[in-house]
Each structure stands twice: as structure tokens, then as C-alpha cells.
Amino acid sequence: MVMQPASTELAERTAAVISELKNLEGPLIPILHGVQEEFGYVPQETLPIIAEALNLSRAEVHGVFTFYHDFRHHPAGRHVLKVCQAEACQSMGSDAIAAQIKQKLGIGFHETSKDGAVTLEPIYCLGLCACAPAAMLDGEVIGRLDAGKIDEIAEEIRS
């Protein structure tokens, strides 16, 4: 894969994030989070900029970026719905819940609806094991998912 050079604006915005965070101990992950917050995802073109600023190889930065599921490779929808796929939620029916959500939204995990309304992502534990199955919509956790709550989520996403 050939990486395109970063645009001036993208490079400047990335440099600002790096400048703010590079003096932290172990700054790579905070910088990747900062870049994602800045752009809504981590553009591939930012990886060489980060590598150079931290005196790391591009492979090291790419490896960290691709290892963690929270870093997006593409812009997310206006809403982000994360459905827990950890063992406690699975034991309480999260697979069926996920299937219903996928059918209702017309997308699978790691996909964004054509209208840009929602991105669907798996997540592996929200800490709501006692309220399984669980999900998170735009940072707000939702426990005890059932068909009624799925309908409410779909309605909120459409509004």
C-alpha cells in the first residue's frame, strides 16, 4: 500500500495534536486518540507524520494503530453504536441482539449506513455484565437490550 503525502491542512492539524501530547510518557496512543478526535478517524496519511515526530518507524505506528479496535480507519457516521460481544453478553443473547440490530440498520459490524447516520461496531466489554446484553450509543451505555430497546435506538438514530 502506498501512502499519499498529507495535505498541508491535515499535516498542520496533526502536528498540533502531536505538539500538545508528545511530551507525555508513552505518547503514541494518546496522539492516535487525539488525531481521531480531531478528524473523526485516523487518516492513513497521519501515520508517517506521527512516526517521524516520535522517532518511531512507520511499521511501529501502523502496528499500534491496527492492533487497537478503537481506532477508526474511516470516518464514522453521525452516531456510533457499539454492541458488546464479550462472554457475559453472549451468554445473555447478544448474538441474536446483534443480528436484529444489523437487520434493522441494514449494515454489519465495521460498516456505516449509506446515509451516514450510524456506524456499527463490536465492543468487548462495557462493564455492564450484570445488565447484559449491553450496547453503547454515542458514549451512553444501554443495558438489558431487547427488541423494544433496539426499536428505540433505531428511532433515535433516524431522528
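D138, E140, D146, E152 and E156 come together as a patch of negative charge on the surface of this predicted model. Patches take residues with over 30% relative accessible area and no salt bridge, joining like charges within 9 Å and nonpolar side chains (Val, Leu, Ile, Met, Phe, Trp, Tyr) within 5 Å; a salt bridge puts a side-chain nitrogen of Lys or Arg within 4 Å of a carboxyl oxygen of Asp or Glu. Asp and Glu count as negative, Lys and Arg as positive, with His and the chain ends not counted, and a charge is placed at NZ of Lys, CZ of Arg, CG of Asp or CD of Glu. D146 sits in the loop between β5 (140–142) and α7 (147–158); helices (H or I, at least four residues) and strands (E, at least two) are DSSP runs, numbered from the N terminus.

At 39% relative accessible area, D146 is partly exposed, whereas Q85 is buried at 10%. Buried stands for under 20%, exposed for over 50%, and partly exposed for in between (1.4 Å probe, protein chains only). Q85 lies in the loop between β1 (79–84) and α5 (87–91). Beyond neighbours within four places in sequence, the contacts of Q85 (heavy atoms within 4.5 Å) include F109, P122 and Y124.

As for the overall fold, the protein has 7 helices and 5 strands, and 42% of its 159 residues are buried.

Residues are numbered from 1 along each chain as its sequence is written. Local features need pLDDT of at least 70 and side-chain atom pairs 80 or more, while totals for chains, interfaces and linings use all residues, and side-chain values use heavy atoms, leaving out hydrogens and water.

Terms used
Accessible areas come from the Shrake-Rupley method with a 1.4 Å probe; for residues, only the protein chains shown count as cover.
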